[in-house]
Amino acid sequence: MDDQAALTSPITSLEAAIERCQSLGMRLSRQRRYILELLWQHQEHLSAREIYNRLNQQGREIGHTSVYQNLDALSEQGIIECVERADGRLYGHLSDSHSHVNCLDTNEIIDIQVTLPTDLIEQIEARTGVTITDYRIDFFGTTAAVQ
Ligand SMILES: [Zn+2]
């Protein structure tokens, strides 16, 4: 893998996330590693406060400021995901393009890889005159409907 590919290929594991930090020249402090480990372990979308609480419950001492600074740095570098919601930001372990199923009952966001049929993409391109290079879909639903 050449350097460029190494910096743009999807991150598929905690080890790959750590390697990406290193190849970007980011310092890998203990706190930064804790955050990455937590996100890969839970694979949920968590707020900075939840991340802070869970790490401290695990006995991994980390300050509020450190949590916020590390989350900013990791999301800016594309190592983790940052989801903007009306009630604040959430962070997830997946950094490459993926879609979300938003459960309106539980407020949970479930990551899902969705590949649209080529003819649908072509229709969208024809209608808009824009060549589609990437997409992320937000699905919304309730748990009650699925039995
Ligand atoms: Zn996600």
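Good morning, everyone: which residues are buried in helix α2 (residues 14–23)? They are Ala17, Arg20 and Cys21, where buried means that 20 or more other C-beta atoms lie within 10 Å of a residue's own, exposed means 12 or fewer, and partly exposed is in between, with C-beta atoms placed from the backbone.

Before I go on, two words of caution. This is a predicted model, so local features need pLDDT of at least 70 and side-chain atom pairs count only at pLDDT 80 or more, while totals for chains, interfaces and linings use all residues. Residues are numbered from 1 along each chain as its sequence is written. Helices (H or I, at least four residues) and strands (E, at least two) are DSSP runs, numbered from the N terminus.

Back to α2, then. Ala17, Arg20 and Cys21 are buried, and they cover an arc of only 100° around the axis, which puts them on the same side of α2; that arc is taken from the directions from the helix axis to the C-beta atoms. The buried residues of α2 pack against α3, with contact meaning C-beta atoms, placed from the backbone, within 7 Å. On the face turned away from the buried side you will find the exposed Glu15, Gln22 and Ser23. After α2 comes glycine 25, with a positive phi near 75°.

Now for α3 itself. Helix α3 (residues 30–42) packs with helix α5 (residues 64–76) at an angle of about 70°, and their axes are 10 Å apart. Axes here are lines fitted to C-alpha atoms, for helices over the stretch in contact, and angles run from 0 to 180 degrees between N-to-C directions. The two helices α3 and α5 are therefore roughly perpendicular, a label that covers 65 to 115 degrees. From α3, Gln31, Arg32 and Ile35 meet Ser66, Val67, Asn70, Leu71 and Leu74 of α5.

Last, the sheet. Its 3 strands are in the order β4-β3-β5, forming an open sheet with mixed pairing; strands pair if DSSP finds at least two bridges between them. At the edges are β4 (109–112) and β5 (138–141), each pairing on one side only. Strand β3 (residues 99–103) pairs with β4 in the antiparallel sense over 4 bridges. Asparagine 102 has isoleucine 109 as its bridge partner in β4, and valine 101 has isoleucine 110. The two strands β3 and β4 form a hairpin with 5 residues between them, and asparagine 107 in the turn has a positive phi of about 70°. By contrast, β3 and β5 run parallel, joined by 4 bridges; here histidine 100 has aspartate 138 in β5 as its partner.

Terms used. Angles under 35 degrees count as roughly parallel, over 145 as roughly antiparallel, 65 to 115 as roughly perpendicular and the rest as oblique. Two residues are in contact if their C-beta atoms, placed from the backbone, lie within 7 Å.
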